[in-house]
Amino acid sequence: MLTLTNLGLSYKPGSDVLRGIHHSFAPGSFTFLTGASGAGKSSLLRLCYLAEQPTSGSISLFGKDPTRLSRDGRAKLRRRIGVVFQDFRLIPHLTAVENVMLPLLLRGAKKKAAGDHARHLLRWSGALEQEDTYPDQLSGGQQQRVAIARAVIGRPSLLLADEPTGNVDDASAEKIMHLFLELNKLGTTVVVATHNLNLVETHKFPCLRLSGGQLHLVEASQKVAA
Amino acid sequence: MSTTARIDHALIRTPVVWPLRIMIAIIVFIAGLGLLTAYALTLSAGQLDRGLRGQLTIELAPDENGKVDAAQVAALVKDVNAINGVQKAQPLTLEQTAALLRPWLGQNALDVKSLALLPLPQLIDVQVRDEQVATVLAPLLQKKFPAATLQNHQLLVQKFAQQARFAAFGLLALALVLLVALFSTVSFACRAGLNVQLPTVALLHIIGATDGYIKGQMQRYAWRLVWPGCVLGVVGCGLASAALIEFVISMAPTKYTPAEDDFWFGATLLAVCLPLLAWLFARLSASLATMRVLRAMP
């Protein structure tokens, strides 16, 4: 599914954000990614959804080496990844349903079909009532539900969530986690980068901790410390 | 639910759109007017060239009494008609001479009777089949009719045509510079728009938009920016052209001024070509500006 081999990233010489990262995410797995602020969680996820290129090492995504693909090939590979951001990144001048439709429209889907599918997912994520609402009129939790609907509308095989509960209250965070669990049950590989130790504690999934630019598997007994 | 066409414009318009549209309208207006004037000048030069081709005029000066010797005129006409390549040589009547002078002296300033009292040269119109006749005629006049001088219209026409074409080239160059300015304006607007919308571009990139999709969006944005300005410019140019055509042609039609239809043909062609050119420029500049930004993304 997603294999990281000796992965390294640095923005300036001599200062590695990530180094020597080896890990393979199995299909259908659910993994938490933790670490202190600035540890490189977002950077690692950015590498995984091909928004950045590693300084060293390689990534294998769905059995393919993205560096060997054309730009269009990489774009098509990205369509198999759903991404959820802490700051939601909804397009402000589009309504909730239009935001959710967007990934389908850029694949050439018909507006009617895309709209129907988007509404179906908004119902699933619990944001259907806000379908015609613009993002700035939605609460953090509502925006995140719309963002999750957008992330999954293309039926991604891999869902990467970067601090998805960082800007929402605890009740919303639990609902968001519930959505991720449902997706995981349907076979989607889920990677959630989070600070929220309650979530990590509550859900018994493997937890990776980024520290000193390196990735460590956290044992169940160490999760609280992570 | 409002899934209108604007959903295709995930990259929204920037707030500087209208001032830019006005600027584009001015650029299109000046470029269009420049191109049309260049076309009109070229047309006029060609028309004058055709109108005066194969025409020479001989001026026989009056003697000290202010009279022109009719026998000398007849002899000159006979000699000129005998030259190979001359189609016809004939002296102008007093009425024809008066018609030539009226534009300068006024419609009622002269009548034929009073003209006969003036010490005017006798004009002889020479129609030639071969332009080289002038080289034979000039020495003949010098030798046999020293009071006669040859007016070669072709030289004058050539000079005028040359100047007209030079001016037309100047106007074409101006139009080109303006079109480059249009290109730069659209390119600048697209780059500014892209910079403002960079987070949206990055998001589209992440959710799987191909470069072609983002480029297409920016091309549509550029076209939305350009077409109102282009329409305003073309309409303005059309109105100015109509006024120009009305003034130049209708006020003083002569056999040397181009036909009104020819002018309108050029104006119509321009009205079709300018928006096409603007569309092409909008697409190209948007495409270049977008690809420059996208290339920085992996």
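Visitor: In which loop of chain A does Arg89(A) lie?

Guide: This is a predicted model. Arg89(A) sits in the loop that runs between strand 5 (81–84) and helix 3 of chain A. Arg89(A) counts as buried because 20 C-beta neighbours lie inside 10 Å, and the cut-off for a buried residue is 20 or more. The backbone of Arg89(A) has a positive phi of about 50 degrees, although Arg89(A) is not a glycine. Most residues other than glycine have a negative phi.

Glu163(A) is another case of a positive phi in a residue other than glycine, with a value near 50 degrees. Glu163(A) belongs to the loop between strand 6 and helix 6 of chain A. Glu163(A) is buried because 20 other C-beta atoms lie within 10 Å.

The loop between strand 6 (158–162) and helix 6 (170–185) of chain A also holds Val168(A). Val168(A) is buried, since 22 C-beta neighbours fall inside 10 Å. Leaving out residues up to four places away in sequence, Val168(A) touches Gly140(A), Gly141(A), Gln144(A), Ala173(A) and Ile176(A).

In total, 28 residues of chain A are in contact with 17 residues of chain B. On the chain A side, the elements that give two or more residues are helix 2 (71–78), helix 3 (96–105) and helix 4 (111–125). Helix 3 of chain A gives the most, with six residues. By type, the chain A side has 13 nonpolar, four polar and eleven charged residues.

Chain B has nine helices and four strands, in the sequence pattern α-β-α-β-α-α-β-α-β-α-α-α-α. Of its 298 residues, 30% are buried. Among contacts in chain B with a separation of 6 or more, 86% are between residues 24 or more positions apart.

The four strands of chain B form an open sheet with the order 2-3-1-4 and antiparallel pairing. Strand 2 and strand 4 of chain B stand at the edges with a single partner strand each, so one side of each has no neighbour in the sheet. From one strand to the next, the twist averages 20 degrees. Strand 2 and strand 3 of chain B run antiparallel and are joined by five bridges; Pro91(B) has Ile124(B) in strand 3 as its bridge partner.

Two helices of chain B lie across these strands. Helix 2 of chain B lies across strand 1, strand 2, strand 3 and strand 4, at about 170 degrees to strand 2. Helix 5 of chain B also lies across strand 1, strand 2, strand 3 and strand 4, at about 165 degrees to strand 4.

Helix 5 of chain B covers residues 133–144, and its end C-alpha atoms are 16 Å apart, which agrees with the 16 Å that its twelve residues should span at 1.5 Å a residue. Val133(B), Leu137(B) and Leu141(B) are buried in this helix. Seen down the axis of helix 5, the buried residues fall within an arc of 55 degrees, so they line one face of the helix. Their cover includes strand 1 (55–60), helix 2 (70–81), strand 2 (86–91), strand 3 (122–128) and strand 4 (148–152) of chain B. The face turned away from the buried side of helix 5 carries the exposed residues Thr135(B), Pro139(B), Gln142(B) and Lys143(B).

Methods:
Residues numbered from 1 in each chain as written. Chains lettered and ligands numbered in written order. Predicted model: local features only at pLDDT ≥ 70, side-chain atom pairs only at ≥ 80, totals over all residues. Contact = placed C-beta atoms within 7 Å. Nonpolar A, V, L, I, M, F, W, Y, C, P; charged D, E, K, R; others polar. Buried ≥ 20, exposed ≤ 12 C-beta atoms within 10 Å, placed from the backbone. Expected span 1.5 Å × (residues − 1). Arc of directions from axis to C-beta. Pairing = 2+ DSSP bridges. Axes fitted to C-alpha atoms, helices over the stretch in contact; angles between N-to-C directions.
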